[in-house]
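Hello,

Here is the structure I said I would hand over. Please open it first, then read my notes below.

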Amino acid sequence: MQPRNMSMSGVVDLAAVKAAGEAKAKAEQARAAAARTGGTGAVAPAALVIDVDEAGFERDVLQRSAEVPVVIDFWAEWCEPCKQLGPLLERLAVEYNGRFLLAKVDVDANQMLMQQFGIQGIPAVFAVVAGQALPLFQGAAPEAQIRETLDQLIQVGEERFGLTGIAVDPDAPADAAPAEVPAGPYDSLLEAAASALDANDFGGAVQAYKNVLVDDPGNPEAKLGLAQAELLGRVQTMDPQQVRKDAADNPGDVDAQIAAADLDLVGGHVEDAFGRLVEAVRRNTGDDRNTARLRLLELFEVIGPEDPRVTAARTALARVLF
């Protein structure tokens, strides 16, 4: 497990984009499963605070973070500030009523986790959202600051990853375990596609995602994965310097602008990529115009429809089309 900071400046974190799609798909799957069984999958308030060790970290934190933001409190028995912060976080976990899950990690018993997160001092508080780790704060911060941080975390979880939290039933038994999400019909195919993507077998990943979409055209994870695999497959053989020179020398060449837009997106210049293709749509007519428009729609899939940059680019596209 390699923790990563989700707020990466100037770079499109394609792994985070992929995780966002997977998290949304799993959250939707969990809600659908609960609806089919007539249950809610609700937990008792006491289940919102859990003790986590290295052996259970994958199950209790990484997997749960596809359903709800997981806040990790790194503490130790000898740490006096920890004794102030810990009870406050536990109270807030119950008060927020399932909007986040609090995982407590004793650093004395879990030195490897402490090292993997790069913790220099405790108390230290991190969050994991859809498998992506980010630091929140260190030390016994004031309650108002902690609440503000938690509100921002929950907003990111909802807007970027579609995480709506877990249902809480005050009457549920304290030892009730959350309902298991049944495996979906395409889980094995999606896992094979993700493995191909991780191995840089972009052609294999494209075909695997297409196999899912043949039977389930609206599958969100397959749609996202296909767009990502196709993009990475296109740019892997490009000469960036030549592509950018061609685009600069030939502003009316749709193919040149499309190639440069792909590089822009992978390089983290999302607005530049979108703006370049909107301009290509504006400049051209007929097949060239439609080619640029379709590539722009594909890049929207990579970033995700909820991203404000996609929303802005859709508005700009509509202006030049109509």
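In α12, the residues A292, R295, L296, L299, F300, V302 and I303 are buried. They cover an arc of only 155° around the axis, which puts them on the same side of α12. An α-helix has 3.6 residues a turn, so residues three or four places apart point the same way. What sits on the face of α12 turned away from its buried side? That face carries the exposed residues G286 and D287.

Please keep in mind that this is a predicted model.

Now the length of that helix. α12 covers residues 286-303, which is 18 residues. At 1.5 Å a residue, α12 should span 26 Å. The C-alpha atoms at its ends are 27 Å apart, which agrees. G304 follows α12, and the phi of G304 is positive, near 110°.

Next, the aromatic rings. How many aromatic pairs are there? The count comes to six. Take F57 and F117, one of these pairs. Their ring centres are 5.9 Å apart and their planes stand at 70°. Planes over 60 degrees apart count as edge-to-face, so the pair of F57 and F117 is edge-to-face.

Where do these two residues lie? F57 is in helix α2, residues 57-63. F117 is in the loop between α4 (111-116) and β4 (124-129). The pair therefore ties together parts that are 60 residues apart in sequence. Both F57 and F117 are buried.

F117 also pairs with F126. The centres of these two rings are 5.0 Å apart, with the planes at 80°, so this pair is edge-to-face as well. Are F117 and F126 buried or exposed? Buried means under 20% relative accessible area. F117 has 7%, so F117 is buried. F126 has 12%, so F126 is buried too. Ring pairs link F57, F74, F117 and F126 into a cluster.

Last, the cysteines. The count comes to one disulfide. Which residues form it? C79 and C82 do, with their sulfur atoms 2.4 Å apart. In general, a disulfide is a covalent bond between the sulfur atoms of two cysteines. The torsion about the S-S bond of C79 and C82 is about 80°, so the disulfide is right-handed. C79 and C82 are both buried.

Best wishes

Note on methods: Residues numbered from 1 in each chain as written. Predicted model: local features only at pLDDT ≥ 70, side-chain atom pairs only at ≥ 80, totals over all residues. Heavy atoms only, no water. Phe/Tyr/Trp six-rings, centres within 6.5 Å; stacked < 30°, edge-to-face > 60°. Helix = DSSP H or I, 4+ residues; strand = E, 2+ residues; numbered from the N terminus. Buried < 20%, exposed > 50% of the residue type's maximum accessible area, 1.4 Å probe, protein only. Expected span 1.5 Å × (residues − 1). Arc of directions from axis to C-beta. Disulfide = S-S within 2.5 Å.
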